[in-house]
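Here are some comments on the model you asked me to look over, written as numbered points so that you can follow each of them with the structure open beside you.

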Amino acid sequence: MTEFRISRRTFLKGAGAAVSILSLSSLGFLGGNTLANAAEKLINEWDYAGWEDLHRKEWTWDKVSWGTHLVDCYPGNCLWRVYTKDGIVFREEQAAVYPVIDPSGPDFNPRGCQKGASYSLQMYNPDRLKYPMKQVGERGSGKWQRISWDQCLTEIAEKIIDGLVDQGPESLIFEAGPGNGGYIHMMAPHRLFAGLGGTNIDLDSTIGDFNRGIYETFGKFQFMDSVDGWYFGKLHLIWHMNPVYTRIPCYHFISEARYNGAEVISIAPDYNPSCMHADEYIPVEMGSDAALGNAVCQVLIEKGWVNYPFVKEQTDFPLLVRTDTHRFLNAEEMEGGRKDQFYMWDAAGKKAVKAPLDTLKLPCDPALEGRFKVTLKDGNSVEVQPVFDQLKTMLNNEYTPDKASKICKTHPDTIRRLAEKCHKARGHIQIMVGWNSSKYYHGDLIERTMCLILALTGSLGNKGSGIRGWAESLFEGALAQIFKGHEGLGGLAQELPTLKRALNLIRREDPTMTDEMSAIKLEEVYDRMMVNMTVPAFLYYEHSDYKKSWDNKAWHCPTMKRQFSEYYNEAVSKGWWEGFIRPAIGQTPTVYCWMGTNPARKNRGWNKNILTSLWKKYKLIFGFETRWSTTVLYGDYVLPCAGFYEKLDTRFPTPHVPWLTITEDAVKPIGESKMEWEICAMLGKKIEEVAKKRGQTRFTPKIKPMEKFRFAQEHMVCRTENNDIDLSKFGQWQCMGANDFNTIFEDALNTSVFLGNLPAGTNMAKLREVGIVRFANVSPFDGVSMNLATDIKPDEPIVPLTWHTGEKKLPYPTYHRRMQFYIDHDWFLEAQEQLPVHKDNPKMGGDYPLRMTSGHQRWSVHSIWIGNQQLLRTHQGRPFMFMSPLDAEQRGIKDGDLVRVFNDFDDFKVHVKITPAARPNKGGTMPGQVIIYHAWEPYMFEGWKSYDTAIPGMIKWLDLVNNYGHLHYWRWNWCAQPIDRAVSVQVEKA
């Protein structure tokens, strides 16, 4: 081996290079907005005698701007100071300007992480896209040609018109990511495809972040407190979450809560990084959390540690269920009334009384236990019992700590101790669940039992309590830009009467509905008729090879009584999804567009499920991108977009960090890249131009509108009086009559002020001055923000659900308007999932001894930073998989070895990192665990086959229900989503 020595002089030259590049009197020599080759010039011209000035020169700049990162780093909204010199961003630092909200708790400062601190390098990374590009070889061939914007947009417009002519509007498919690229800019392609009548794929159905069990319980899942509320919790259960990795700017509220007397417990199958910072780690078998949670509930009930007034008022525990049919006793069978009017037992009056529909206030002191007789309208007598009675019986029979321990492998004494801790922290338990549970096949059952713990202890609606979801809400001025005829409050004034008319129609159908329920129904109408948003399950089943996986009964839960295809056909034939099956049955997809997402990376089993089938059906594939992602490499055209510091926008809003956070155009976009709004405006004009040139400006959708809401469709999108798509003025409509994005940005702010989301006086100048502005309130038009069900106070964290738990006593938007732990739908009864129970993971991928799990890695936000040269140096710089020493030794595998991971679906190769943190295989019902933190680009693997390759992407058959109370699809809610946790695999040395 050749000996290598480095002198002090050489070291100083190298160590100071990156800083000194940017401290020169001029950066113009760099050329082309790139830092490439600058170090060589610096070293050649460096005056060693001036090294003392190195740090001083670092602090020279031309201007400082506000910046944030327009990416799905939930909850994000970290504000940074962005420093530029000679038109180049050379550093960023945390702004730390968040004001104190609640003086009794800590503030938000500072916010940021290693990804944000290196975005200035990411902007100039070698994988950055700079010009419109066209693939001139086969998709994936890597043969690209730089073309002009005019050629690119003309060819795309031509093929969009081809798709409209050949298969109709619904054949145009648009898939958006969760807020990536900027919140207002993201509305531009939404508006484009809404105007074209295209199909808008629901993002939650593709990323798998829909918390099904929380939604089943509350009729919503997008409610959460602001993260400063974590400080006030007494017991933090980190459950299916790894906040040390995934909540870096927020984690201090958890550690600070310990100073406030809180206890932190991490519950997970593996000893992840968050476990070492907890007071206690509770191991649990993969996917068996429902058994653990139910055992905790069994102890709570057995000991009498239940908040009885709370559960009587807030939950369905007092509601009566018939013991013969296992269905709720309803007014239709009692007196010919409403089918969704249910009853509880008045213990004093010894009779069944109606549970109010318009309030949670109790009409009596209802019984929670016992069996009673009621007489139906036909004269027959039937036996009924409260839901709580059924629940208690089930828990005592099946989920005592000793019985549950055999399933979850958690010691019975640990379960009892956990239950006691829950009792002591009653009213102030924080269940910190992420989106790991939602990616388990039976994740809904896991989450339902988590909610059960909270309900029994009354830990909802209080400061320092609750369960996590996610939400993009509270900035409705941006959402309004999908439909407004033109910018300005005049455009809003034209839109509001239509909104109010639609809401009035909804309320007239049922005057007992709350504003929240009405907003959800309004959202259903808009998703179906204007945004054209839907779950992709029908696209996948009809047009891709997902069908082969989903029809494989051996990979589903054994409790699924019939074939998957039978459930699918029943849901379709009975019209449960009427208006949402897009493209229509028999209609072939023709065009695919994406923005702010990376489908070739994130779609489960993409190589086998999509690439070889659905991908080939598309005649045109194009996307809005900032870098060369795997999806770009498989596309036809790519539209280069401005980076996060190269445009004006806001990061997507969320109640978790309740500030609207600005990023400014600190520098001009690199190369020929443009803002998404500008690109869509150009493309809209080009589509109109091509349509007129062909003499084809009108196209008839195959999916008919809801007749009573046709007026809304005619007013808010490009439609004629008979529902045809009209492209005759499409270009002007797309740009909202605005000539620049500053006008659009100001319009979004003014609209939100008018609707009450933002405080009076908020405008672009003010936001540019202060960087952030705190949200003021929700409005009655957005169902997602209404899901908070609370008033936002200026001096407290956001505490959700207080409209339900507090003085207002407003009902929940569930089937029976209470927290729902009993679901009496036919399919749920058939599956014996009317109550939250435990079910084993199905053997997705085959019968193998290991289970593959995942989570968010710490070195990137999804795949956006995955090629960042600085961050690559902080880890192995390549994909790797964690594996237990025992499982590795049995296979002759050593640390760093390349292995083949395979199952009956597919295989991939990856390097191994051995760690005792992963669970080993111990035979029988205890499979071993391998862990791959997600978001590596497929092109980083051999044959471009990432770990997603071996995931079949199953969906649970119960997700196809769409005809029961709140089990109805609307934006980001009740959406069938592919599963990717605990997939069966085997590992061998490659």
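1. Is A935 buried or exposed? The model is a predicted one, and in this model A935 has a relative accessibility of 0%, so A935 counts as buried, the cut-off being under 20%. The residue is found in the loop between β31 (928-934) and β32 (983-989), and A935 has a positive phi of about 95° although it is not a glycine.

2. The bond from N109 to P110 is cis, with omega near -15°, and P110 sits in the loop that runs between β3 and α4 (119-123). The bond from R582 to P583 is also cis, with omega near -10°, and P583 belongs to the loop between α23 (564-573) and β19 (591-595).

3. The strand β3, named in the previous point, is part of an open sheet of 3 strands, in which the order is β1-β2-β3 and the pairing is antiparallel. The edge strands are β1 (63-67) and β3 (88-94), each of which pairs on one side only, while the twist from one strand to the next averages 30°. Between β2 (residues 80-85) and β3 there are 6 bridges in the antiparallel sense, and one of the residue pairs to find on screen is K85 with its bridge partner I88 in β3.

4. A second open sheet has 5 strands, arranged in the order β10-β9-β8-β16-β17, and here the pairing is parallel. At its edges stand β10 (280-283) and β17 (466-467), each with a single partner strand, so one side of each has no neighbour in the sheet.

5. L235, for its part, has I429 as its bridge partner in β16.

6. How many of the residues of β8 are buried? The count is 5 of the 5, so β8 is largely enclosed by the rest of the structure. In a regular strand the side chains alternate between the two faces of the sheet. In β8, L235, L237 and W239 point one way and H236 and I238 the other way, and all are buried.

7. Finally, consider the helices α6 (residues 183-196) and α28 (residues 676-694), which pack at an angle of about 20° with their axes 7 Å apart. Angles under 35 degrees count as roughly parallel, and therefore α6 is roughly parallel to α28. Their crossing is left-handed. On the side of α6 the contact is made by H185, A188, P189, L192 and L196, and on the side of α28 by E676, W677, C680, L683, G684 and I687. The residues of this contact divide into 8 nonpolar, 2 polar and 1 charged.

Conventions:
Residues numbered from 1 in each chain as written. Predicted model: local features only at pLDDT ≥ 70, side-chain atom pairs only at ≥ 80, totals over all residues. Heavy atoms only, no water. Pairing = 2+ DSSP bridges. Helix = DSSP H or I, 4+ residues; strand = E, 2+ residues; numbered from the N terminus. Axes fitted to C-alpha atoms, helices over the stretch in contact; angles between N-to-C directions. Parallel < 35°, antiparallel > 145°, perpendicular 65-115°, else oblique. Left-handed = near helix turned anticlockwise from the far one by under 90°. Contact = heavy atoms within 4.5 Å. Nonpolar A, V, L, I, M, F, W, Y, C, P; charged D, E, K, R; others polar. Buried < 20%, exposed > 50% of the residue type's maximum accessible area, 1.4 Å probe, protein only.
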